[in-house]
Every structure is written in C-alpha cells, then in structure tokens.
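Could you walk me through this protein model, one piece at a time?

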Amino acid sequence: MHELGIVFYIIRDVKQAALEHSVQKVSGVVMNIGEVSTIIPDYLPAVTYCEDCHSEYGTVAHGKKCPCCGSEHTYLLRGNEVEIKEIEVPNE
C-alpha cells in the first residue's frame, strides 16, 4: 500500500479546501475508508482482477500473478480508495 503517497494527497486536498473557505487552522480530518469512518486509516483489502479467467483474488497474498490461471494480465480492482468525509475546524 502507498500510505505516504495517500497522506500527501489528503494533505493537498485539505489545504485546498481550507484555502477555498479562508480557514487558517484545521484541527482534524475524519476519513471515510470504505464503510468505516475513522481518524486512523483502515484500508480496504486490495483485490486484483484477472482479464483472462475473470476471477478476483487477494492482491497481497498473490501479487500480480493470478492464482487461478497463472496469467499476469491483471489489474488492481479495489483497495486504494480513500475519501475525505469531513474536515474539522476549531472554533476560535
């Protein structure tokens, strides 16, 4: 998983939202990771799709090579989603 890259994108998006709304300080970010809302990211499991046999499998356990047919004609289907649900701004 590309945790550091995800954090940089989140920081970029929060900064942009703060600038658009003339916010000087952000006290926290609540993230929506799949169906879970939390401040600490909880990632969805990565799932890869095989174009040859049309199966889905766990990416972490098997990588790019399909465990069903051995094909490497695969791509990441799910597992890199992060959505910023709410940005908390302190009352000053």
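T59 sits in helix α2, which covers residues 59–62. Helices here are DSSP runs of H or I with at least four residues, strands are runs of E with at least two, and both are numbered from the N terminus. Before going on, a word on the source: this is a predicted model, so local features need pLDDT of at least 70 and side-chain atom pairs count only at pLDDT 80 or more, while totals for chains, interfaces and linings use all residues. Residues are numbered from 1 along each chain as its sequence is written, and side-chain values use heavy atoms, with hydrogens and water left out.

Back to T59. Its side chain makes a polar contact with the side chain of T48, at 2.4 Å. A polar contact is a pair of N or O atoms within 3.5 Å; within protein, one must be able to donate a hydrogen and the other to accept it, and residues adjacent in sequence count only if both atoms are side-chain atoms. Leaving aside residues up to four places away in sequence, T59 touches A46, V47, T48 and L76, where contact means heavy atoms within 4.5 Å.

T48 takes us to strand β3, residues 47–50. In a regular strand the side chains alternate between the two faces of the sheet. You can see that here: V47 and Y49 point one way, T48 and C50 point the other way, and all are buried. Buried means under 20% relative accessible area, exposed means over 50%, and partly exposed is in between (1.4 Å probe, protein chains only).

Which strands does β3 pair with? One is β4, joined to β3 by 3 bridges and running antiparallel to it; two strands pair if DSSP finds at least two bridges between them. In this pairing, Y49 stands opposite E56. The hairpin of β3 and β4 has 5 residues between the strands, and H54 takes a positive phi near 65° there. The other partner is β5, also antiparallel to β3, with 4 bridges between them. Here C50 stands opposite T74.

Now for charges. Side chains of opposite charge can pair when their charged atoms come close. A search of the whole structure finds 2 salt bridges, meaning a side-chain nitrogen of Lys or Arg within 4 Å of a carboxyl oxygen of Asp or Glu. One of them joins E56 and R78 (3.2 Å, N to O). This pair links distant parts of the chain, with E56 in β4 (residues 56–58) and R78 in β5 (residues 74–78), 22 residues apart. E56 is partly exposed at 47% relative accessible area, and R78 is partly exposed at 36%. In the other salt bridge, D13 meets R12 (2.9 Å, N to O). D13 is partly exposed at 35%, and R12 is too, at 48%.

I11 belongs to helix α1, residues 3–20. Together with V7 and F8, I11 forms a nonpolar patch on the surface, with about 270 Å² of accessible area.

Finally, step back to the whole protein. It has 2 helices and 6 strands, and from the N terminus on they run α-β-β-β-β-α-β-β. Of its 92 residues, 23% count as buried. Among contacts between residues at least 6 apart in sequence, 52% join residues at least 24 apart.

How values were computed:
Patches are made of residues with over 30% relative accessible area and no salt bridge: like charges are joined within 9 Å, nonpolar side chains (Val, Leu, Ile, Met, Phe, Trp, Tyr) within 5 Å. Accessible areas come from the Shrake-Rupley method with a 1.4 Å probe; for residues, only the protein chains shown count as cover.
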